[in-house]
Amino acid sequence: MNETHLINDLSVETVDTDKNVENVNHKIKIYFTCDICGKKFCKKRNLKRHFLTHTKEKPYSCVICNKDFSCKGNLTKHCRIHTNEKPFSCHVCNKDFSRLGDLKRHYRVHTGEKPFSCDVCGKKFTEKYHLKRHYQIHTNEKPFSCDVCNKDFSQKSHLNTHFLTHTNEKPYSCDVCDKKFSDKCHLKRHYQIETNEKPFSCDVCRKGFSRKSNLNEHYRIHTKEKLYSCDVCHKNFYKNSHLNYHYRIHTNEKPYSCDVCKKGFSQKSSLNVHFRTHTKEKPYSCDVCGKGFSQIQSVAIHCRIHTGEKPFSCNVCNKNFSRKSNLNTHLRIHTEEKPYSCDACGKGFSQRSSLSSHYRIHTNEKTFSCDVCGKNYSHKVDLKIHCRIHTNKESYSSGV
């Protein structure tokens with residue numbers, strides 16, 4: 001036998017009284033309806049709390065920072081920021097959280113659960129706001145705009161970080177070296193350099209990395225995957241940043257300029273290295289002989305003098321070289337390529353240094369001087385030959 005019961009707000013529910021006579025009273029539901037938007041609630045206090053979203057009323061205030069809240073529960077959660085109280089703990093890794101919701105989201109790290117999926121590309125996410133942020137890649141939506149330079153951003157946090165470039169504000173400071181940063185994630189990355197922390201490791205070669213994104217980029221070396229392609233010359237790259245740097249070859253863009261000599265550079269790192277020519281700074285040194293260098297890669301190349309390592313080999317004659325640039329120069333012997341030519345006489349050269357040396361014939365420039373007698377020479381090799389007169393390393397006969 002079936003009976004129909006009035007619930008509330010003209011809602012009805014049919015109950016099978018033959019099977020659940022004793023539960024009829026539990027099936028009677030009372031709803032409290034918002035008279036503004038029509039949303040229904042099972043509890044009156046939930047309706048009351050919801051109503052504050054329409055009135056924008058925030059009756060609960062933090063006694064420490066005076067921030068206002070519409071809900072007492074939100075104020076309670078907020079106060080834990082000041083007290084540093086973290087009552088919710090992960091039973092897997094024992095990490096503590098101030099909010100139960102944060103603990104639930106964190107727990108997905110252990111379970112691998114990604115309940116939110118992009119309906120365009122199918123990529124899955126552990127958190128809903130990550131999906132929402134990802135979706136803007138497909139829509140190219142950038143709703144946040146800088147009111148100084150009008151640059152647009154897909155995320156408000158990116159706009160906030162960008163805005164600090166105008167104010168030159170750097171609120172985040174390293175407690176090891178006191179270096180300041182405008183972005184918290186930049187401080188975090190810097191701190192891993194200071195502590196030499198490398199929590200991410202390649203499972204192929206075991207090389208460690210301070211950032212997961214660097215590990216992902218490195219892994220493409222093993223897979224030979226080059227995702228980024230130049231639309232001008234179609235050269236492929238492992239990293240998007242390398243493509244951006246490369247593209248400036250075509251545009252001849254040099255956004256970084258030396259304050260001393262005004263020389264322009266396509267990369268900031270190149271400017272930093274160049275600047276050491278003015279400061280004479282050589283922060284990198286050889287562990288064997290102590291020789292100083294302005295670039296860290298120069299140390300690695302120099303160390304091959306001590307180890308005898310020659311990793312670059314000519315595929316024509318199998319001659320080995322310690323530097324790739326030396327191999328490239330050597331290859332021109334086989335190809336007879338002479339990319340450098342004198343604009344005075346048109347003579348071609350395989351090396352830029354050979355062109356520079358040759359050009360002194362036209363300018364009569366003599367940059368190499370003998371320390372003993374002061375005689376000047378256009379070429380260093382001529383000076384060395386001359387110096388043997390003073391050191392008696394070779395005997396010279398007269399009257400020839």
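Of the 400 residues in the protein chain, 19% count as buried, where buried means under 20% relative accessible area, exposed over 50%, and partly exposed in between (1.4 Å probe, protein chains only). The model is a predicted one, so to speak of its local features takes pLDDT of at least 70 and side-chain atom pairs count only at pLDDT 80 or more, while totals for chains, interfaces and linings use all residues. Residues are numbered from 1 along each chain as its sequence is written, and side-chain values use heavy atoms, with hydrogens and water left out.

As for the overall build, the protein chain has 15 helices and 28 strands; these are DSSP runs numbered from the N terminus, with helices being H or I of at least four residues and strands E of at least two. The radius of gyration of the protein chain is 36 Å, well over the 21 Å that the globule rule gives for 400 residues, so the chain is more spread out than a compact globule. Here the radius is taken over C-alpha atoms, and the globule rule is 2.2 Å times the number of residues to the power 0.38. Along its principal axes, the C-alpha trace spans about 135 × 50 × 40 Å.

On to surface and charge. The accessible surface of the protein chain comes to about 29700 Å², and 49% of that belongs to carbon and sulfur atoms; the areas come from the Shrake-Rupley method with a 1.4 Å probe, and for residues only the protein chains shown count as cover. The chain carries 72 positive and 40 negative charges, whose mean positions are 6 Å apart. Lys and Arg count as positive and Asp and Glu as negative, with His and the chain ends not counted; each charge is placed at NZ of Lys, CZ of Arg, CG of Asp or CD of Glu.

Side chains of opposite charge can pair when their charged atoms come close. With a salt bridge taken as a side-chain nitrogen of Lys or Arg within 4 Å of a carboxyl oxygen of Asp or Glu, the count comes to 4. In one of them, E127 meets R105 at 3.5 Å, N to O. E127 sits in the loop between strand 10 (124-125) and helix 6 (128-139) and R105 in helix 5, so the pair ties together parts 22 residues apart in sequence. E127 is buried at 16% relative accessible area, whereas R105 is partly exposed at 32%.

K239 and E217 also form a salt bridge, their closest N and O atoms being 3.5 Å apart. K239 lies in the loop between strand 18 (236-237) and helix 10 (240-251) and E217 in helix 9 (residues 212-223), so this pair too links parts 22 residues apart in sequence. K239 is partly exposed, at 25%. R248 pairs with E253 at 3.9 Å; R248 is buried at 16% relative accessibility, and E253 is partly exposed at 41%. Shared partners join D102, R105 and E127 into one salt-bridge network.

R108 is buried yet has no salt bridge, and the nearest side chain of opposite charge, E113, is 4.2 Å away. The relative accessible area of R108 is 17%. Beyond its neighbours within four places in sequence, R108 is in contact with E113, P115, F116, T126 and E127.

Definitions and conventions:
Contact = heavy atoms within 4.5 Å.
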